[in-house]
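Q: Hi! I have a protein model open and would like to get to know it. Could you walk me through it?

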Amino acid sequence: MHRVRPLKLPLIMGLLFLAAVSDPRSPQAQSEEAESSVGHRHTGMHLFERETFGGNGRTCLTCHSRQTGTVSPHDAQARFAANPDDPLFVHDGSDDGLGNGVTRMLTEATILIAISLPPNVRLADAPSARSVTLRRGIPTTLNTPALDPILMLDGRQPNLRAQARGAIHDHAQNTVEPSPKDLRRLALFQLTDRFFSSPALRQFARGGPAPKLPHGSTASEQRGRRFFEDVPIPADGSSKAGLCAACHSGPMLNETNQFVGLPVPPGSRFQNVLVSEFNVAGNPVRDFIFTNPDGTTTVISSPDPGRALITGESQVFPFDNVNAFKIPSLWSIRHTAPYFHDNSAKTLEEVMVHYARFFAIVSNQQVLLTEQEQADIVAFLKLLD
């Protein structure tokens, strides 16, 4: 039996190229969008904003706001002050999942997510359980439905219709089943203009040119930009140019480039950046027992193994499963706090504190981000609308 515990994993970046997922911007989806009438789009908006499907009062808009596509602790606090019975706080938005307590939502804005365990995975403290409940943030809908075919933090949903069905079942606790037409209209509505953070990204989704990195006007912004340029990264850490672009490249700044330095193809979408290992959120750590193809077992001690609970793979190398999550797009990042799968970073400044620690560890102290460099990166990130 092999045992892997937090901070015992080989401390270098992890990546995964996810293939064979349905693209909501496929020719079929684009054709459907072109054929849909204004009335159909209005119906989609109604389904998104008002339809509860006979459930617990939640709609899609409950967790995916018009402004940010997600919910922050500040949002939750304002909504609780206005209405303690807001549907946000029912079911998996409550502390115990049964509607009792709101502390977690008010402080972390995480919901309880039930993930089915792969056939080869069991919990050490509940061997007969076939699912595990985890605390995760709410993925933003800004830019994601139309421009990112990888849905959910762990990539478990293949397309928008499946995602909508899953949310209606799991979060809204529906008693009325959505029809295929309902799911189609919900999917099409999420491709409309309101789900883009800028005209440039909307034009890109419609076949226009890919967005370009802004040049920056201040010295800090221009220094921060260097971290996101697609250039080779010296192994000795003598230059930090391109450091962030290794995993935030491509048109949406959400995929690896050719300079990442690991045996993975450009365009990989999953990575372990030690969020579960650091566990700043203080979420409960459990032992997940993986039975490997050769009959051996590997124990992963983690608050959230991420992608590994979808693939059933326990191998740490090439870092694409255990504690790995989707690389998020950086466009509109200043609007979509909090950050990481567990919402453990509430601000971009806290994100950079995490990455300063991360790069120091994975580089064996060769890459050390100064406070000025962290501030420069944040300054540039705030330009990415």
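This is a predicted model: local features need pLDDT of at least 70, side-chain atom pairs count only at pLDDT 80 or more; totals for chains, interfaces and linings use all residues.

**A chat about the model**

Q: Okay, and where does N143 lie?
A: N143 sits in a loop, with strand 4 (131-136) on one side and helix 6 (144-147) on the other.

Q: Is N143 buried or exposed?
A: N143 has a relative accessible area of 2%. Buried means under 20%, so N143 counts as buried.

Q: Let's zoom out. How many helices and strands are in the protein?
A: The protein has 14 helices and 8 strands.

Q: And what share of the residues is buried?
A: Of the 385 residues in the protein, 53% are buried.

Q: What about the accessible surface, how much is there?
A: The protein has about 16,700 Å² of accessible surface, and carbon and sulfur atoms account for 55% of that.

Q: What share of the contacts comes from residues 24 or more positions apart?
A: Counting contacts with a separation of 6 or more, 63% are between residues 24 or more positions apart.

Q: Can you show me a pair like that, say with P338? What is its distance to A109?
A: P338 and A109 are 229 residues apart in sequence, yet their C-alpha atoms are 8.3 Å apart in space.

Q: Nice. Where is P338 found, and what is it in contact with?
A: P338 belongs to the loop between strand 8 (325-326) and helix 13. Setting aside neighbours within four places in sequence, P338 contacts V71, S72, P73, E108, N343, A345 and K346. P338 is buried too, with a relative accessible area of 9%.

Q: You mentioned helix 13. How do helix 13 and helix 14 pack?
A: Helix 13 (residues 348-362) packs with helix 14 (residues 371-381) at an angle of about 135 degrees, and their axes are 10 Å apart. Helix 13 and helix 14 are therefore oblique to each other. Their crossing is right-handed.

Q: Which residues make that contact?
A: On helix 13 they are L348, E349, M352, V353 and A356, and on helix 14 they are Q374, I377, V378 and L381. The residues of this contact divide into 7 nonpolar, 1 polar and 1 charged.

Q: Let's switch to helix 7 and helix 8. What is the angle there?
A: Helix 7 (residues 160-170) and helix 8 (residues 180-189) pack at about 110 degrees, with 9 Å between their axes. That makes helix 7 roughly perpendicular to helix 8. The crossing of helix 7 and helix 8 is right-handed.

Q: Which residues meet there?
A: L160, R161, A164, R165 and I168 of helix 7 meet L183, R184, L186 and A187 of helix 8.

Technical notes
Residues are numbered from 1 along each chain as its sequence is written. Side-chain values use heavy atoms; hydrogens and water are left out. Helices (H or I, at least four residues) and strands (E, at least two) are DSSP runs, numbered from the N terminus. Buried means under 20% relative accessible area, exposed over 50%, partly exposed in between (1.4 Å probe, protein chains only). Contact means heavy atoms within 4.5 Å. Accessible areas come from the Shrake-Rupley method with a 1.4 Å probe; for residues, only the protein chains shown count as cover. Axes are lines fitted to C-alpha atoms, for helices over the stretch in contact, and angles run from 0 to 180 degrees between N-to-C directions. Angles under 35 degrees count as roughly parallel, over 145 as roughly antiparallel, 65 to 115 as roughly perpendicular and the rest as oblique. A crossing is left-handed if the near helix is turned anticlockwise from the far one by less than a right angle, and right-handed if clockwise. Ala, Val, Leu, Ile, Met, Phe, Trp, Tyr, Cys and Pro count as nonpolar, Asp, Glu, Lys and Arg as charged, and the others, Gly among them, as polar.
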